[in-house]
Structures are given as C-alpha cells and as structure tokens.
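Q: Can we go through the side-chain contacts in this one together? I'd like the cut-offs spelled out as we go.

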Amino acid sequence: MLFRRRARMLRWLACGRLGPVWIWKALLLCVAIAFTSQLLGVIFSKSVQPPAGSIFSTPDAQEPLLGSCQPHTHIMFLKTHKTASSTVLNMLYRFGEERDLRFALPLSYQLGYPLPFNAHRVKGYRGPRVMEFHIMGNHMKFNKPEVEKVMPADTFYFSIIRDPVTLAESSFAYYKEVAPAFQKAKSLGDFADDPKRYYDPRLRNNHYARNLLWFDFGMDHNANFSLALAQSGEAMIRQTFKLILVSEYFDQSMILLRHALCWPLDAVVSFSLNARQQKPSAIGGMTGSWVGKAVAVTGVNVRSGHSQAKIPLTEKQREKLRQWNALDWFLYESFNRTFWEEIDRFGQVQMEQEVSRLRMRREELAQVCLRDGGKPVEAHRIRDENIRPFQSGLVKILGYELQPGLDNTTRTACLRMIRPEIQYKDVLDAKQFPHSPAVQMQTEQKSQGLMLAASGSFLRQDSSRAGERLVGGEKGRRIVEKGERD
C-alpha cells in the first residue's frame, strides 16, 4: 500500500511539476543539436580560412595597399616573343584564376599566330559583347579591330619589349630549327655578318629572324626602314597600349604594372619560367649558372641556350643586328626612354624601395614553395607531369619542384606560380569549358605536334633573365650590364 502511494507521488511530480518525460527528451535533443552545430561551425570556419601559418595570408598577399583604387580586371597583354612574356602570362593566369575571371583562350595554344588575330580564334566567342571576357594574353599577331570585338571598351592594354640584339640571340637559339634563315646559318654571328645571304622574306617563319617585335605588334616586319614609318608605328602602339614594359628591367616593370593595375604585391611576384639549361655535364647534371627573375633568390645567370658553346658576338655584329632589326631598335629606344621617364615620375627612391620589397618577397616565397630554395631542375627530374615543362628544339627547358609538406592553401598557391604555360592553359580551359573533351598529350611527340601546329613555332617561351646593374648612360637611356635575358 505504501509502495503504491510513493509511486503515484513520483508520477505526479514528473507530470505536474517537472513536465512529461517526452519534454525532457526533446530538451536534451535540442541541447545536443546546438552543441554539434557549434562544433561543426568551428571546424568549417577553420577549413575555409587560410592556415594561420600560410605565407599567402600575409598583408602583402591580401591587400593592394595602393590607396582607394580598384583592381583592373579587363586586361589585354600582347605576349611578344622572347621577352619574359611567359612569366607575365603566368601572373595573369594566377590573378584571373584566383578571382574566377574569364579568359579569352585560344582554340589550341596560340591565337592564330602568325596570322593576324581574328576574334573567332577565341574559344567560346559568339560575337561582340555576347560574352564578357576579362583577360587576353596568349600569343597573337596584334589586330586591334578584332581584339576590340572580344575585349570590353575599358580594357587595359600593355606589352613588353626587349633589346633586339639579345632578343635575336634568344630567337636564334629557340627557332633555329623553325626559321629557314637561321637553319642555313652556322651561328648568329654568321647570320649577322650578312643577313640577306640567308633571309628570304617569302619563306614561312622567317619573321622570327627580322623585326620580331614589329611583327608581333601587327605591322610589316619586312618594310624598309624610314623615320616616318617608324614614328607611325610607335604612335599606333602608344595610342593603344597604356604601358610598355622592358624585359631588361623586369622588377621595375612589375612595380609600374602593379600600380597601373592596382594589384596586390603577390600578384606580380613570380619565379622565372622556361629557364634554359646552359650546358649539360658529362653525368647529365648541370654546369655553369642559372638565370631568372628570381635572380635575387639564387644570384645566378644563364647564358646560351645551345648545346654548343656560344660564340660571343662582336660589337660590329651587334651593330649589324641593330641595323637589320632597325624597326625593332627604333621601338626599343623610344619605349626604353619612355620607361625611364615613367620611373622618374614615379620616384627613384620609391622605386628602389618597392623593388627591394618585391625581391625580398620573391626570396621568401621561393624558400617556402620550392625545393632547394628555388634552383631550377631538368625536366626529366620532375616527377609530377603537371609541372614538368615540355621539351622541344635545341634548348632544354628547366622547371621547379615543390617543397614537400606544404599545407593545402600554400601548395595550391605555390603550384600556380610554377605551373608551365601549356599545362596552365589546359587547366583554365577545363574550368571554363568543363564539358569539352580534355586535351590529351600522352606522349612528348604529340605535345610537340600541338606546340608546332599551324605556325610551326614553339609555344613555350624562355623568360630567363640575368641580374642587372646600372652602369651609366645618357638621360633617357639606361645601360644594363647583364647576362642574357630571355
């Protein structure tokens, strides 16, 4: 009897004062859900943020620090040959990919080169203003009316040039098996002594042997030089292009470009792509030195791209090459003078400070990203085919290996900085056109066939450059004491 009374009392307390049992169960379930949600929220927030220790989460990587300007996202880069243009294109690829911008990509690997550019060479192009393209930068022979069909009206146009003599040295090394004029010559000096002996303007790919910059800008490279013609070509370029960079002063060029585009510092920090092997050793290793935009990191130079020792040009031969490439030489002198006028307006002290900062950042990233502190290695030593540069012609293209043990955020950013041009184009192509058949390059022969398609020219451009030191010169013209720059 007593037991029954106590049982009824407990039921009354549970139901009357503390509530039904199901309410308690529901309350406990809500508490459990809330705790789980909070825990998952913490985990998720950590997963989408850069790791605290990532070098790419620093202010240099995240903030333009250039006042109230807005970054340019409509950009046309005329990718000239043998001028460090592949390294510049890598910067554009990285910037656009990180921000999901749309690229005006070629149907293959060049925009119809060496034929004048036509808008229908752009993959996905369906007519003017049908689709917004943000960045255009693959090789083309410039044709402004057709480019304007693809790119918006507010597009920022820029390009890069190089001393025609050192450009000729690099062009001879890369295109000797392609340009008939170079094929016949024993050496560049031999060609320089009497260019007309080897050059036939009617033969395909001989544009690599004369006024190559003038040709890339869309003009007749075989035209006889006259001051009126040269000035007309210069005026056309100035009217269209807001900035012309100079390969010999690559770091200063990057500072001017960064300010013109209002980009963060890391967007213009890069490693030298397509550096060439100087000379193979008996055991397949390397002798000599290295070159690159990362000269501040490695402190090294590169010289000839031949497997043979290079015979230096005489001053007389260098002068003959300037005369042979007179239209290019006129452009180089004019825009080199303008380049230093821009730096004078920018401020020499500020330029020195920003160049120093750029080089320090490059060294910092090289130590984090690259194995052995950034020393380029032969392609066959690179195990990951996604970052192994393709080989073709007489020169051996070098690449990089990533530092092992990087966190995902850092590894992704580092990978973008060293990914070769051809592979990077394929990555972007697959993102923009996910339903298109993937580009397959299963053998080296096939990859070379793709690179030589249509124009018979190499797609991979050497962007190696040596260290520089100002040694004097008249106002408006700076002279560089340097090794070769490609």
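Q: Which ring does Arg-322 lie over, and at what distance from the ring centre?

A: Arg-322 lies over the face of Trp-329, at 5.2 Å from the ring centre, where a charge sits over a ring if NZ of Lys or CZ of Arg is within 6 Å of the ring centre and within 35 degrees of the ring normal. Bear in mind that this is a predicted model, in which local features need pLDDT of at least 70 and side-chain atom pairs count only at pLDDT 80 or more, while totals for chains, interfaces and linings use all residues. Residues are numbered from 1 along each chain as its sequence is written, and side-chain values use heavy atoms, with hydrogens and water left out.

Q: And what lies over the face of Tyr-174?

A: That is Lys-82, at 3.5 Å from the ring centre.

Q: Back to Arg-322: which side chain does it meet in a salt bridge?

A: Arg-322 meets Glu-319, at 3.1 Å from N to O, a salt bridge being a side-chain nitrogen of Lys or Arg within 4 Å of a carboxyl oxygen of Asp or Glu. Both residues lie in helix 14 (residues 315–324), 3 residues apart, about one turn of the helix; helices here are DSSP runs of H or I with at least four residues, strands are runs of E with at least two, and both are numbered from the N terminus.

Q: Is Arg-322 buried or exposed?

A: Arg-322 is buried, with a relative accessible area of 13%, whereas Glu-319 is partly exposed at 36%. Buried means under 20% relative accessible area, exposed over 50%, and partly exposed in between, with a 1.4 Å probe and protein chains only.

Q: OK, how many salt bridges are there by this rule?

A: The count comes to 19.

Q: What does Arg-416 pair with?

A: Arg-416 forms a salt bridge with Glu-98, with the closest N and O atoms 3.8 Å apart. This pair links distant parts of the chain, since Arg-416 is in helix 17 (residues 408–418) and Glu-98 in helix 4 (residues 85–98), 318 residues apart.

Q: Switching to rings, how are those of Tyr-93 and Tyr-424 arranged?

A: Their centres are 5.1 Å apart and their planes at 55°, so the pair is tilted; rings of Phe, Tyr and Trp (its six-membered ring) pair if their centres lie within 6.5 Å, and planes under 30 degrees apart count as stacked, over 60 as edge-to-face and the rest as tilted. Tyr-93 lies in helix 4 and Tyr-424 in helix 18 (residues 421–432), so the pair ties together parts 331 residues apart in sequence.
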